[in-house]
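Good morning, and thank you for coming.

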Amino acid sequence: MTFAGAAAAPDPRSVYSGSQLVLVRTDRATFPGGDAWKCLTCGTPAAGRQGMTDDTSYPQPFADGKRVLYGTNVVDCGPYQLASPACTPARIHVYPIRWNTSADGSGPGTAIRELRLHPDQVHLGFNSVSVTGGRLDQYGYFGRLRFDPAPKTGEPLVPRYEVEKVSRLFDAAPTAQPVHIDARDPSKLVFDPSLPGVGEFRGFSRNGREAFYVGYPVESSNIDLMAVDLRTGKVRRMTANPGYADPVDASPDDRWIVALDTRGTNRMTFASGMTGIPAVTDLLSTSVVSSVRNNGQRRFFQPYLIDRHGDRGSYQGQRLNYSRTSPDWNAGADPRWSPDGTAVAYYERLVSAPSCGGVNPLPCPASTEPGGRRTRLMIARLTDRKPVRRGPVAPVSDLVPWGTPYVPGTPAPQRPYPPQGTYTLSGKASGSARVHVVWDDAKTAVKTVSLRYTHYSDDGSAFLDGSESVTHTSTSTTLTTLDWYSDLVKTGRSGKVLATKKTSADGFQLTIDLWQTVFQATGTLTTTVGSRTYTQPANGT
């Protein structure tokens, strides 16, 4: 939380300056002094935050009630409960978290992001970004937390947490990739979305057995949430709606999730609305298409309650805030279930400049919240739910059998891609696709993937015909252009047209920075499903 009107030093109220960690009561009671909130870090002395990192995202409490995972830090009140009057800022210690990546243990380690605490309270998952083949990449990791009160090597030389016994949630074998060459017939391409394809790690099931992640798509351009068993590697699709989802939390009994999703906005449907397309051009397009979900700092997320079995047929979950929120208020990561499963907390942000106003065609709405604030904390109370109780989760194994043990000092691998060539991808039910893979002149990365479908079907009910081609060009590690041509038709058994996906005659050229996520395109990409037509967002929105 950032407090409005915090005074500058030497005013005593300057302890409220900057971003702070705040405990908020949800039972309408108050802390001593009469406030419903308690600032944990306001006034923490410098000695109590030696080595503290700037990343304070996604606070997650430990089950002991005395500690909070605070970005890449741990906030610790020693023997005192955080909610206790005895836990004061003077007694708070903020310890940095370090992942050693040097062979001799020296240096500050490598930056990690999106940390999520495992239910056993001793492991965590995280992501780390790297550049391989000139392109930005990211891997998910799983490791064990250990407190070191007096480290002898590495930086900073202050009491800190180490992430040890780390596994990369990735197998670099070519046949372990969702798209790979058939080991028995190198002229054939295999698409197998049941293989773990962890793109960005997002959390854990409450029983601690599964890791949640944004995965390699099951259907082209449809970015879904997936779950993978940490022991067996078995993959489960959690969402299937054409919208984009990644922030997620599981209910205490693991029967439900709450996901923040763009479904209902149709922001992504121009690219993802035609179902049943195997995700092959996604070798090049996944990171770019996923970036369309945002407009800079604006998110198009809303919270959806989805059962364990996921989207299917007419069941597409339940939005939690239909009657409460205008489209200008969007949810931010992460949602969190209450420990008894009867409520969900999340926060919302009102669209603000530069995602509106000025040269942006979208006008900025005025806030009607107290003080004109543009963020708010929300609780959805599930009034018909009976409280549930989950006991402690026993520590799980450090070993992820389908992953790769990380060896300090070794670089992140380059993801294997099919060699340049022409292949056949056979439909599971009928037909096939002719696939062309072209690498760049330096032979460092795939440049173009194109397919021509002939009565291709995986389910025997819908059939794909036509062509699609995507060419990837990067002007930096984050700024990417896709040159996209699509002319696809999906028909039913009777020959009736069910859907089309088409670009304009000059194609569709989408340019986006993977961090800035502002949509800019020339040409059009349009998907029609039945009688509904879905078009791309306007530039800059």
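Strand β18 (residues 256-261) and strand β21 (residues 302-307) run antiparallel and are joined by 6 bridges. Strands here are DSSP runs of E with at least two residues, helices are runs of H or I with at least four, and both are numbered from the N terminus. Two strands count as paired if DSSP finds at least two bridges between them. Within this pair, Asp261 stands opposite Gln302 of β21.

Let me state the basis of the numbers. This is a predicted model, in which local features need pLDDT of at least 70 and side-chain atom pairs count only at pLDDT 80 or more, while totals for chains, interfaces and linings use all residues. Residues are numbered from 1 along each chain as its sequence is written, and side-chain values use heavy atoms, with hydrogens and water left out.

Strands β18 and β21 belong to an open sheet of 4 strands, in the order β17-β18-β21-β22, with antiparallel pairing. The edges are β17 (245-250) and β22 (318-319); each has a single partner strand, so one side of each is left without a neighbour in the sheet. In general, the strands of a sheet pair through backbone hydrogen bonds, either parallel or antiparallel.

Thr262 lies in the loop between β18 and α1 (269-272). Is Thr262 buried or exposed? Thr262 counts as buried because its relative accessibility is 1%; buried means under 20% relative accessible area, exposed over 50%, and partly exposed in between, with a 1.4 Å probe and protein chains only. Thr262 and Pro370 are 108 residues apart along the chain, and their C-alpha atoms are separated by 27 Å.

Helix α2 (residues 282-291) is mostly covered, with 9 of its 10 residues buried. Among them are Leu283, Leu284, Val288 and Val289.

I turn now to β8 (residues 123-132) and β9 (residues 135-148), which run antiparallel and are joined by 10 bridges. Val131 has Leu136 of β9 as its bridge partner. The hairpin of β8 and β9 has 2 residues between the strands, and Gly133 takes a positive phi near 60° there. Strand β9 is also joined to β10 (residues 160-168), again antiparallel, by 7 bridges. Here Arg144 stands opposite Glu164 of β10.

A further hairpin is made by β23 and β24, with 5 residues between them, and Gly341 in its turn has a positive phi of about 75°. Strands β23 (residues 329-337) and β24 (residues 343-350) are antiparallel, with 6 bridges, and Asn330 stands opposite Arg349. Strand β24 is joined in turn to β25 (residues 375-381) by 7 bridges, also antiparallel, where Glu348 stands opposite Arg376.

Next, the aromatic rings. Rings of Phe, Tyr and Trp (its six-membered ring) pair if their centres lie within 6.5 Å, and the count comes to 17 aromatic pairs. Trp99, Phe126, Tyr141 and Tyr406 form one cluster. A charge sits over a ring if NZ of Lys or CZ of Arg is within 6 Å of the ring centre and within 35 degrees of the ring normal. The charged end of Arg168 sits over the ring of Tyr139, 5.6 Å from its centre, and that of Arg415 over the ring of Phe170, at 5.1 Å.

Finally, Val15 is found in the segment before β1 (22-24). Val15 counts as partly exposed because its relative accessibility is 33%. Thank you for your attention.

Terms used. Rings of Phe, Tyr and Trp (its six-membered ring) pair if their centres lie within 6.5 Å; planes under 30 degrees apart count as stacked, over 60 as edge-to-face and the rest as tilted.
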